[in-house]
Amino acid sequence: MATAGKVIKCKAAVAWEAGKPLSIEEVEVAPPQAMEVRVKILYTALCHTDVYFWEAKGQTPVFPRILGHEAGGIVESVGEGVTELAPGDHVLPVFTGECKECDHCKSEESNMCDLLRINVDRGVMIGDGKSRFTIKGKPIFHFVGTSTFSEYTVIHVGCLAKINPEAPLDKVCILSCGFSTGFGATVNVAKPKKGQTVAIFGLGAVGLAAMEGARLSGASRIIGVDLNPAKFEQAKKFGCTDFVNPKDHSKPVHEVLIEMTNGGLDRAVECTGNINAMISCFECVHDGWGVAVLVGVPTKDDVFKTHPMNFLNEKTLKGTFFGNYKPRTDLPNVVELYMKKELELEKFITHTVPFSEINTAFDLMLKGESLRCVMRMDE
């Protein structure tokens with residue numbers, strides 16, 4: 001392409017400081033260096049993680065920064081050493097990577113790449129410790145290696161999944177994070193058998209994706225657990241058969257669930273990050289064969305407390321990261337599930353706005369009104 005090897009000037013939404021509205025700015029995006037790829041972003045979605053680090057209430061504040069990590073785009077140019085991607089390829093950026101060379105990448109059981117595992121505090125590229133974004137010569141920090149709230153971005157090749165060019169990027173862009181995290185937690189880790197019972201704790205976008213996994217696995221009963229009763233109606237579209245609000249009961253919610261299911265759930269998936277929900281998720285599963293999977297991220301001071309007899313009674317507790325998907329190897333296959341009409345991504349996309357109205361997307365999520373808001377970059 002004519003722009004290869006040159007600095008590109010484009011629009012990006014810059015977070016200058018915590019909690020303040022993003023500002024659409026003209027940024028300079030440097031060419032990709034060794035093992036890097038410059039991508040033209042066509043669609044990007046807002047995930048709650050973006051909001052979380054924009055608020056920066058419990059994290060190291062890294063500003064000014066270009067957020068964004070759920071997106072779909074097209075390769076504009078590649079840096080030295082990149083052989084798997086070429087200009088024109090359709091890609092999904094991912095906040096965690098797959099170098100294909102470390103012990104984790106070589107293991108069939110892990111997706112926690114040593115080189116490219118998520119680092120929320122790093123605001124620069126791992127190759128040379130510098131940012132590829134500047135405004136009038138001053139560096140702007142990256143976010144989780146993706147920074148998709150920009151018309152062009154530079155990403156390590158190991159954090160890009162090459163996908164079917166026929167796939168609509170305005171739909172499959174949500175596979176970059178939330179959907180895959182929840183869906184994979186159920187189908188790859190909990191692995192419910194047809195006819196089994198499943199509980200999902202937390203009915204946000206990740207929880208509903210986990211619920212979709214339970215529905216497609218043929219679960220006979222899917223119980224949604226959430227403190228917001230308004231979420232039950234929406235959850236029915238994703239296979240929810242029963243709803244439990246812990247606030248409606250005087251006894252612990254795990255006891256309520258055990259009574260409802262004659263001894264406990266076959267599988268349970270936690271998608272809240274709340275330590276009490278995590279413990280309840282484990283304690284509600286059936287002895288002998290019950291499996292609980294933790295997805296939510298706890299606070300740094302949380303401690304998981306349960307009686308050891310729960311383990312001796314053959315309840316299983318597992319954790320998962322990005323649904324146990326290896327980004328480059330597995331995401332193209334998830335895209336194909338959508339292309340075969342086996343996945344319904346449309347029902348997760350509740351809003352669409354032009355990129356210029358990105359602050360509207362933030363407002364919708366802060367009010368709890370959107371699961372996913374997808375933004376078209378060229379509007």
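The model is predicted, with pLDDT of at least 70 needed for local features and 80 or more for side-chain atom pairs, whereas totals for chains, interfaces and linings use all residues. Residues are numbered from 1 along each chain as its sequence is written, and side-chain values use heavy atoms, without hydrogens and water.

View A. The whole structure contains zero disulfides (pairs of cysteine sulfur atoms within 2.5 Å). Cysteine 105 takes part in no disulfide, and its nearest cysteine sulfur, that of cysteine 102, lies 3.7 Å away. Cysteine 105 counts as buried because its relative accessibility is 11%; buried means under 20% relative accessible area with a 1.4 Å probe, protein chains only. Cysteine 240, at 7%, also counts as buried.

**View B. The largest nonpolar core.** A nonpolar core is a set of buried Ala, Val, Leu, Ile, Met, Phe, Trp, Tyr and Cys residues joined through side-chain atoms within 4.5 Å. The largest has 104 residues, and Val27, Phe149, Val172, Met211 and Val269 have the most contacts inside it. Leaving aside residues up to four places away in sequence, valine 172 touches Leu92, Ile163, Ala167, Val335, Tyr338 and Leu345 (contact: heavy atoms within 4.5 Å).

Note on methods
Buried means under 20% relative accessible area, exposed over 50%, partly exposed in between (1.4 Å probe, protein chains only).
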